[in-house]
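Subject: Structure for your review

Hello,

Please find the structure below. My notes on the sheet, the pockets and the cavity follow it.

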Amino acid sequence: MSAIARSVRRLLSWTALAYLVGAVAAAVALRTLTDVWWPITVLAYAPRWLLVLPLPFLALALAVARRWRLLAAMLPAAIALVFALDFRIGLRAAAAGGAPLTVVTLNSDGARTPDAKLRELLRTTGAQIVALQECELDPDQFGDDSWHIHREHELCLLSRFPFASVEARDSDEIRARGGHGSAVRYVVDTPAGPMAIVNIHLQTVRPGLDELIDHGLAGRAGMAANTRIRELDSSTLRAWIDGHDGHVPTIVLGDFNLPVESAIYRRHWSSFGNAFSSAGFGLGWTKRTRWHGTRIDQILFTPGLACLDARVGPNVGSDHRPVIAHLALAGR
């Protein structure tokens with residue numbers, strides 16, 4: 001074997017090992033340091049599929065070079081990347097009682113979701129509870145006798161069942177403390193009994209990312225400030241939710257602007273069940289750009305409920321996709 005061939009094989013070996021270590025490190029870092037350390041936060045909201053891009057080319061090069069042991073090492077790298085991309089293989093709930101409730105959440109992005117497309121989504125999904133954020137829907141024009149509709153600023157809830165109570169969180173008080181998030185809590189009289197529905201919209205990471213894009217490393221202060229605001233949003237609204245009757249099954253759904261890896265999400269929301277995490281399949285991207293997507297729209301539920309299945313719905317005009325889940329009372 002020539003010296004050049006040995007050098008190429010050595011370079012290939014070190015590249016494969018570095019890629020394996022990098023894939024594992026990325027998976028661990030995303031699960032532990034998102035919204036803790038700004039470079040990992042950027043990675044969490046960036047096109048993560050770029051992490052996978054070298055894998056097929058590296059595997060092909062190892063196969064051509066007959067480096068079989070190193071080729072086998074690409075399997076744990078691939079598994080680590082599955083975790084890094086948050087690819088889900090959900091399982092249907094094994095036991096549930098009562099008729100399932102079809103729940104939908106969608107950031108409708110204002111007029112970008114026409115009423116006609118929204119009506120078609122409700123028809124094809126058989127939706128019974130629908131939470132909209134950035135909603136410009138006119139309840140008097142959209143609804144009919146089969147829907148109970150309530151709008152509070154940019155939050156709308158459509159329900160096949162009547163509202164027993166409606167309570168909006170004082171968003172002015174949150175904004176006075178530097179926050180942004182808004183929420184409305186409903187008690188809905190479903191056939192399975194009273195159920196609390198909380199429609200929520202939290203601050204986005206976009207202002208923090210814009211600070212880094214516009215000012216480079218000098219934008220870290222702006223990114224840190226944005227993280228504090230998002231932490232305030234979640235802590236305030238979670239405390240508000242917990243201040244209500246804990247015996248009523250509760251569904252919290254909306255645009256959280258948080259991936260499930262976020263430390264903010266873990267601290268304040270991970271005690272709820274997550275519909276797509278538990279019963280969805282695939283990447284579950286709900287916020288789409290031209291190049292990539294993230295899963296930041298969530299349907300959460302208290303332990304008294306079980307998720308039978310969950311999926312991301314079709315494009316209805318918004319840059320978000322709807323999340324659709326079937327929930328039922330957990331079996332006893």
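In what order do the strands of the open sheet of 6 strands run, and with what pairing? The order is β6-β7-β8-β9-β14-β10, and the pairing is mixed. The edges are taken by β6 (163-168) and β10 (273-274); each has a single partner strand, so one side of each is left without a neighbour in the sheet. Please note that this is a predicted model.

For β6, the pairing with strand β7 (residues 182-190) is antiparallel and extends over 5 bridges.

Pockets

The largest pocket has a volume of about 310 Å³. Its lining is made up of 17 residues, and Y45, V205, R206, L209 and H292 lie nearest the centre. At least two lining residues come from each of α2 (38-45), α8 (206-215) and β13 (293-294). Of these, α8 gives the largest share, with 5 residues. Sorted by class, the lining of the largest pocket has 8 nonpolar, 6 polar and 3 charged residues.

For the second largest pocket the volume is about 220 Å³. It is lined by 15 residues, with E152, H153, S171, R175 and S182 nearest its centre. The elements that contribute two or more residues to this lining are α7 (171-176) and β7. Strand β7 is therefore both the antiparallel partner of β6 and a contributor to this pocket. By class, the lining of the second largest pocket divides into 4 nonpolar, 5 polar and 6 charged residues.

Cavity

How many cavities of 30 Å³ or more are there? The count is 1. The space in the largest cavity comes to about 130 Å³. Its lining has 14 residues, and those nearest the centre are R48, L85, W285, T294 and R295. The classes in this lining are 8 nonpolar, 2 polar and 4 charged residues.

If you set up a grid of your own, these are the residues listed nearest the centres: Y45, V205, R206, L209 and H292 for the largest pocket, E152, H153, S171, R175 and S182 for the second largest pocket, and R48, L85, W285, T294 and R295 for the largest cavity.

Regards

Terms used. Residues numbered from 1 in each chain as written. Predicted model: local features only at pLDDT ≥ 70, side-chain atom pairs only at ≥ 80, totals over all residues. Heavy atoms only, no water. 1 Å grid on protein atoms, 1.4 Å probe; cavity = no way out; pocket = protein on both sides within 12 Å on 5 of 7 lines; lining within 4 Å. Points joined across faces, edges and corners; volume = space filled by probe spheres on them. Nonpolar A, V, L, I, M, F, W, Y, C, P; charged D, E, K, R; others polar. Pairing = 2+ DSSP bridges. Helix = DSSP H or I, 4+ residues; strand = E, 2+ residues; numbered from the N terminus.
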